[in-house]
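I opened this notebook to keep track of what I looked up, one entry at a time. Each entry begins with what I wanted to know and then sets down what I found.

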Amino acid sequence: MFVYTIRRLIQTIPVIIGVTLVVFLMMHLIPGDPAQIMAGERADEVQVEQMRDRLGLNDPYYVQYASFISNAVQGDLGNSVRSGRAVSSEIGARFWVTVELAFYSTLLSIFIGLIAGIVSATRRNSLLDMFIMIFALFGLSMPNFWLGLMLIQYFALRIDWLPVSGWGSPEQLLLPVITLGTAGAAIIARMTRSSMLEVIHQDYIRTARAKGVPERYVIYKHALRNALIPVVTVVGLQFGVLLGGAVLTETVFAINGLGRFVVEAIRMRDFPIVQGSVLVLAMLFVFVNFLVDLSYRVLNKRIELD
Amino acid sequence: MENPKSIIKVEELQTSFYTHKGEIKAVDGVSFDVPSGKTLGIVGESGSGKSITSLSIMRLLEDPGKIKGGKITFNGEDLLAKSESNMRTIRGNRISMIFQEPMTSLNPVFTIGDQIAESYMIHEGLSKKQALRKALGMLELVGIPSPKDRLKAYPHELSGGMRQRAMIAIALACNPELLIADEPTTALDVTIQAQILRLINGLQEELGMSMMLITHDLGVVAETCDYVAVMYAGKIVEYADVDTLFKSPKHPYTVGLLQSLPRHDIDQDELNVIKGMVPRPDDLPEGCRFAPRCPFATRLCEEKLPSLDDIDDKNQVRCWIYNDQWDGPEVNVKDDYRTAQSD
């Protein structure tokens with residue numbers, strides 16, 4: 001397990017290098033001259049040239065990249081163009097809000113998705129199964145900002161049970177987490193159902209029944225453990241979708257998280273902020289998928305080092 | 001033909017699958033019994049209903065399979081009348097089963113030890129620690145080398161033969177009265193087959209179990225069984241003790257099966273095969289189900305299904321040839337089979 005962990009950790013290195021490269025190139029691939037944009041529209045030639053020098057844009061690309069990396073490793077992601085404050089401290093607090101939102105949403109979607117999927121699979125073709133699958137299809141097809149607006153409309157405005165916006169108190173968590181978690185729950189439910197249906201017809205399930213194992217244990221011990229393997233993959237991938245969805249959810253519920261912050265930064269053309277945020281979110285995604293890989297190994301002993 | 005004391009008695013068992021195309025009769029009125037301490041072989045080609053028969057006894061049929069009729073008596077208890085939870089106390093405890101595919105019959109995410117121990121925890125209420133200790137004993141009994149390490153091994157770390165030994169350990173853990181072995185050696189190498197058969201036979205004697213051995217391999221039957229039931233298309237066509245069956249087979253299908261075995265004592269250019277195919281279970285012939293492939297078949301055979309009758313005190317045969325109503329020429333099935341088939 002230890003060797004496996006190290007191996008997987010090493011395998012993330014090329015990904016991280018790739019991410020930093022893309023993020024670095026963002027500065028250069030966006031239309032327009034970054035120095036011009038940063039110096040402001042009314043800056044003259046000299047000011048733009050000074051800005052270019054200050055940003056190191058006159059250096060060769062590899063020098064620029066090297067200094068970008070060495071700064072990033074030290075936690076220096078540059079300064080915000082608008083506020084002038086360090087990007088790292090601007091991102092810091094907001095980052096945890098988004099992580100919290102994503103974490104609770106993932107928990108919700110795993111919880112609901114697993115239960116719905118198992119129930120659906122064990123009562124295949126029943127009314128309940130049909131109901132769950134139709135519901136899952138809805139959950140999957142609904143854009144989450146729309147779902148968020150509908151939830152606000154009903155639960156916050158019409159019956160006034162929950163606050164319209166904000167983040168922090170448990171009541172404030174509920175609507176955004178449902179908004180962001182629904183699509184994931186639907187995907188996990190469908191995945192769990194099909195995975196369970198496949199596993200349930202395996203020979204070893206028949207062996208378990210032939211042993212006299214009570215049906216409850218056949219499902220939750222013998223079948224689920226095997227069925228979870230593909231589901232875990234989906235959970236990992238879903239997390240990336242979740243981070244994207246967080247942008248809209250945070251906007252709808254006026255949550256001061258990283259997602260909304262990035263959108264604002266894009267509108268303001270505050271590139272250091274965008275760059276830093278993308279880098280941090282991408283790293284988070286890589287980290288989550290690293291955890292997914294580790295849990296594979298715990299679930300499935302057949303996975304060796306390759 | 002009556003066996004004095006039988007561990008399990010199956011009477012007129014009918015098992016069908018209900019699909020959107022209609023009812024498929026996989027097992028159609030099968031009766032037999034397994035004498036206490038003895039081994040009954042059930043022989044037949046794929047699709048003859050032999051595995052479905054054993055799953056019916058265990059009541060492990062999956063949808064859309066259903067037991068439609070008949071009676072299964074195990075040690076005087078009516079198995080078909082039992083509740084599902086009562087049935088669970090029998091499965092893996094008093095009746096155990098070994099399956100064909102050792103590669104896929106063990107759960108890949110649990111250790112061998114856990115999978116054997118589970119039986120003891122369910123049926124004998126042992127703690128995990130006690131159960132694992134007994135599991136270790138079982139691994140020793142089935143002859144797995146360095147059993148202590150194997151206890152912690154996962155199925156993928158074991159070879160096919162070792163996995164089948166582990167399966168046997170699971171099946172025999174609670175000292176069952178009846179062991180149903182469904183093609184236990186089919187998926188294994190020939191050398192391993194012999195080892196596993198010897199192991200099963202030895203343990204059967206040691207533990208005093210009765211056994212049902214399901215196979216398509218007559219060689220395996222000759223080596224291990226006391227009685228044989230030959231199944232064809234959902235029905236038993238011949239039932240006899242093993243010596244009688246091999247020495248004087250009566251049903252043309254049995255004769256065909258025996259003659260399709262490769263022989264070394266005579267010069268043979270090619271193997272004798274039974275012409276044609278097993279009928280599809282959703283498209284069974286009206287009369288005798290073997291009639292389309294039988295070299296002796298007459299109109300009577302094609303029109304009416306024969307019953308399974310005692311023809312002497314040793315054989316039960318389902319064939320018109322041995323009936324008073326027989327409308328064909330007099331034949332000796334065993335001697336005339338080959339010439340009749342080549343005509």
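Which residues does B:R150 touch, not counting residues up to four places away in sequence? I found that B:R150 touches B:I112, B:L139 and B:I144, where two residues are in contact if their C-beta atoms, placed from the backbone, lie within 7 Å.

Before going on, I noted that this is a predicted model, in which local features need pLDDT of at least 70 and side-chain atom pairs count only at pLDDT 80 or more, while totals for chains, interfaces and linings use all residues. Residues are numbered from 1 along each chain as its sequence is written, and chains are lettered from A and ligands numbered from 1 in the order in which they are written.

**Entry: B:R150 again.** I placed B:R150 in helix α5 of chain B, residues 147–151; helices (H or I, at least four residues) and strands (E, at least two) are DSSP runs, numbered from the N terminus. Is B:R150 buried or exposed? B:R150 counts as buried because 22 other C-beta atoms lie within 10 Å, and the rule I used calls a residue buried at 20 or more such atoms within 10 Å of its own C-beta, exposed at 12 or fewer, and partly exposed in between. I also looked up B:D182, which is 32 residues from B:R150 along the chain, and the C-alpha atoms of the two are separated by 24 Å.

**Entry: the sheet in chain B.** I read an open sheet of four strands in the order β2-β1-β4-β5, with antiparallel pairing, where two strands pair if DSSP finds at least two bridges between them. Because β2 (22–35) and β5 (77–78) of chain B stand at the edges with a single partner strand each, one side of each is left without a neighbour in the sheet. Strand β1 (residues 6–19) of chain B is joined to β4 (residues 65–74) of chain B by eight bridges, and I noted that B:S16 has B:K66 in β4(B) as its bridge partner. Helix α1 (residues 50–58) of chain B packs on this sheet and touches β1, β2 and β4 of chain B, its direction making about 110 degrees with that of β1(B); axes are lines fitted to C-alpha atoms, for helices over the stretch in contact, and angles run from 0 to 180 degrees between N-to-C directions.

**Entry: chain A as a whole.** I counted 12 helices and zero strands in chain A. The C-alpha trace of chain A spans about 85 × 55 × 30 Å along its principal axes, and 36% of its 306 residues count as buried.

**Entry: the largest nonpolar core.** Which residues touch the most other members of this core? Of its 161 residues, A:I188 and B:A169 do; a nonpolar core is a set of buried Ala, Val, Leu, Ile, Met, Phe, Trp, Tyr and Cys residues joined through C-beta atoms within 7 Å. Helix α10 (residues 215–252) of chain A gives the largest share, 16 residues. Leaving out residues up to four places away in sequence, I listed the contacts of A:I188, among them A:S109, A:L114 and A:V235.

**Entry: where the chains meet.** I found 23 residues of chain B in contact with 19 residues of chain A. On the side of chain B that touches chain A, α2 (84–90) and α3 (112–123) of chain B each supply at least two residues, and α3(B) gives the most, with four residues.
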